[in-house]
Amino acid sequence: MVLPLWDADPPGGLATAADAPELTVYLPPEAERTGAAVVILPGGGYKMLATDHEGHDVARWLNSHGIAGIMATYRRGEAYRHPVPLTDAQRAIQTVRARADAWGIDPDRVGILGFSAGGHLASTTGTLFDEPLGPDDAIATQSARPDFMLLLYPVISMTTEHTHQGSKWHLLGDDPDPAVVRRMSSELQVTPDTPPTFLFHTNEDSGVPPENSVLFYQALRQAGVPAEMHIYEPGRHGLGLAPDHPTLHTWPDLAINWMRHRGVID
């Protein structure tokens, strides 16, 4: 099931009609539903979207565990700089809650999952949820705060030597306001209200260094937010579920075990 994220012209506008953000909804069989749901944000450096191995495949994996997987194709690139992507991500969370009854979802078990730059967008959704960006309508009455986060080789910092410069440029442009750069550095925005978080990265990742996950984990610990982090030694950036990798294929099971421990699924 595919539906538009916005019923009318989205805030921030559209450069072309083909850019209109959408939700692709994967629901598990009714008898297997746990009530949990996850909004999926594929990566792509805020330039493109890796919708296959970081989107559709992930939704099917979630379905296999009774979890609804909702992939959001958010706006990105030079035509849609901050706050447009965050507006779309907040709307995705709110839309899932607004349709919870129809989709067999518990509105108190709606999480967010993001890879790479999608992980950055997920982390800003989880840290800046109290700054609503969308229009004042019925869907906007729903909370934009995810109940939990899964951040997978995420871009996190915009202020350190570990910053992924391509993501920063596509999101913020050539000469961004230093205050905005700091605001988009998710490790600096963690509070005790930040959702519980699962982090996965690899030591070998040269695209987005694992220090991004480490910085966020340290901030979560300092704030007293429940968190779990796994940094594998091998593995290049961008492997998604890594089903064929001899080592990394285990991380999805760790994520499921964490969700079970958190009470997201039985």
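Predicted model: local features only at pLDDT ≥ 70, side-chain atom pairs only at ≥ 80, totals over all residues.

Biologist: Which residues of α4 are buried?
Modeller: The buried residues of α4 are Ala117, Gly118, Gly119, His120, Leu121, Ala122, Ser123, Thr124, Thr125, Gly126 and Thr127. Buried means under 20% relative accessible area, exposed is over 50%, and partly exposed is in between, using a 1.4 Å probe and protein chains only. Helices here are DSSP runs of H or I with at least four residues, strands are E runs of at least two, and both are numbered from the N terminus.

Biologist: OK, back to α4. What covers its buried residues?
Modeller: The cover includes β3 (37-41), α2 (84-98), β5 (110-115), β6, α5 and α7. Contact means heavy atoms within 4.5 Å.

Biologist: Which residues touch the most other members in the largest nonpolar core?
Modeller: Those are Leu23, Val39, Leu41, Ile70, Val96, Ile105 and Phe216, out of 45 residues in that core. Helix α2 gives the most to this core, with five residues. A nonpolar core is a set of buried Ala, Val, Leu, Ile, Met, Phe, Trp, Tyr and Cys residues joined through side-chain atoms within 4.5 Å. A second, separate core has 29 residues, including Leu62 and Ile265.

Biologist: What is valine 39 in contact with?
Modeller: Leaving aside neighbours within four places in sequence, valine 39 is in contact with Ile70, Ala72, Ala92, Ile93, Val96, Gly111, Ile112 and Leu113.

Biologist: New topic: rings. How many aromatic pairs are there?
Modeller: The count comes to nine aromatic pairs. Rings of Phe, Tyr and Trp (its six-membered ring) pair if their centres lie within 6.5 Å; planes under 30 degrees apart count as stacked, over 60 as edge-to-face and the rest as tilted. Take tyrosine 153 and phenylalanine 200: their ring centres are 6.1 Å apart and their planes sit at 65°, so that pair is edge-to-face.

Biologist: Where do those two sit in the chain?
Modeller: Tyrosine 153 is in the loop between β6 (149-152) and α5 (165-172), and phenylalanine 200 is in strand β7 (residues 197-202), 47 residues apart. Both tyrosine 153 and phenylalanine 200 are buried.

Biologist: Why is the pair of phenylalanine 198 and tryptophan 258 tilted?
Modeller: Their centres are 5.9 Å apart and their planes are at 50°, so the pair counts as tilted. Phenylalanine 198 lies in β7 and tryptophan 258 in helix α8 (residues 251-261), so the pair ties together parts that are 60 residues apart in sequence.

Biologist: And which residues form one aromatic cluster?
Modeller: Trp61, Phe115, Tyr153, Phe200, Tyr232 and Trp251 do.

Biologist: Last one, β7 again. In which sense does β7 pair with β8?
Modeller: Parallel, over six bridges, with β8 covering residues 227-232. Two strands pair if DSSP finds at least two bridges between them. Leucine 199 stands opposite methionine 229 in β8. From β7 the chain crosses through helix α7 (residues 211-223) to β8, and this β-α-β crossover is right-handed. Right-handed is the name used if, with the strands pointing away from the viewer, the path from the first strand over the helix to the second runs clockwise.

Conventions:
Residues numbered from 1 in each chain as written. Heavy atoms only, no water.
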